[in-house]
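My notes follow the model below.

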Amino acid sequence: MRRWFIVTISTIFTIAATALVSIQIWQIERSASISDSLFNSSVTDAMDEVIRNLSADKHSESSPSLATLDYAALVTSINEALLVNGVDLLPTVAVSDIGMTRFQFCSKPGQEKRMADSPFKYNIILDEHGEPSDYYITLYFSDKALYLMKNSNVLVIMSIMLIVIIAMAYLTITHSMRNQRKIDEMKTNFINNMTHELKTPISTIRLETSYLTENIDLPDCDTKHHIKVIHDENERMLRLVEAVLRNSRMARKKLTLKYSEIDINRLMADELQRAQVRIADAGGSSSAEYSTENTMVYGDADHLSNMVSNLIDNAIKYSPKNPNIKVSTSVNGKYVSISISDNGIGISKEDRRHIFENFYRVSTGDRHDVKGFGIGLNYVMQVVKAHKGKIDIDSELGKGSTFTIRLPKA
């Protein structure tokens, strides 16, 4: 997938998602503002009615006075008026001067300081001429914010859910695009590596056959040597093709195992012996330490042999000149452990997270002579899982790596 396409799609989606989220936030704020205005209007309407009733009652008395007010009845009438106007939130009620310094009454003693911040202050009109007095009725709604949120919670919940869904969709699509791009890059590298790997033996075979065709009748032509080169390169091609085909079969279905009892000590010794030519060609050395206990496991001999061969081959490839390959076996409880160590370039922490992924290849820095398809360690992991085993890596850049595999004892 082209980079510009991913960037374009991500940009469009980001702009659209940001716009939609902004609209939702604006709608929530607008809804909250409307709810707040309606609440304030309803409280004002209710208090206008209370003040009118209070003034009418006091006009009938011969000596209107705050001292004669029935404050319990005042609180009741305020609550009833609020309910009639659609406000089912009960306030704290206080009667005081406008400066909130002299309180005649407070329905919740101790709340006087909070009343000063309330915007709900209403002048009491008590005299017969309708002139305002110096005292006010103040209402304080401690749960106003919760009340307003309760009234608009459906819109808020739906908006939050929509925002979360959009965010999750965006993250999922972005992650999927990145993974797809990564897979595309790995497949491209795989094809390039496979082409290069196959091209080398094909070119060698072509040169050798051309040489034999032209010089086979000459007395100094070493026919056996050239035939051996052709044979070795042909075997190399077969191994490469088999590795690719094996990986293809693994991608389609699980491994099919042919179980038998296997002596891990013998299997390790055989694979290390087969690798001696490659180790010698690299100018390296090897050592082995095998357990004296019973190291029998129940598994597939071919797959386990290929698994060990892959790890030894990697240890040789990713080591500098004169590789030192160490193999060992041990028995730990119900498991037989296999360890393969090298003095190679090591594996970084970031690479260790991905080395068992298909087509992934460890960065080799300035070295460009390390060949491979990036499918060997994925195959190793599949074999370990199929045998219900575990694999661990201990590695440090510049100091080598140790792969340890634990398989259940037979």
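I counted five aromatic pairs in the structure (rings of Phe, Tyr and Trp, its six-membered ring, with centres within 6.5 Å; planes under 30 degrees apart are stacked, over 60 edge-to-face, the rest tilted). The model is predicted, so local features need pLDDT of at least 70 and side-chain atom pairs pLDDT 80 or more, while totals for chains, interfaces and linings use all residues. Residues are numbered from 1 along each chain as its sequence is written, and side-chain values use heavy atoms, without hydrogens and water.

I looked up Tyr71 and Phe105: their ring centres are 4.9 Å apart and their planes at 5°, so I logged the pair as stacked. Tyr71 sits in helix 2 and Phe105 in strand 2, so the pair ties together parts 34 residues apart in sequence (helices are DSSP runs of H or I, at least four residues, strands of E, at least two, numbered from the N terminus). Tyr71 is buried at a relative accessible area of 14% (buried is under 20%, exposed over 50%, partly exposed in between, with a 1.4 Å probe and protein chains only).

Next I took Phe120 and Phe141, with centres 5.3 Å apart and planes at 80°, so this pair is edge-to-face. Phe120 is buried at 6%, and Phe141 is buried at 7%. Ring pairs join Phe39, Phe120 and Phe141 into a cluster.

Last, I checked helix 7 (residues 264–274) against helix 9 (residues 301–317): they pack at about 50°, axes 10 Å apart (axes are lines fitted to C-alpha atoms over the stretch in contact; angles run from 0 to 180 degrees between N-to-C directions).
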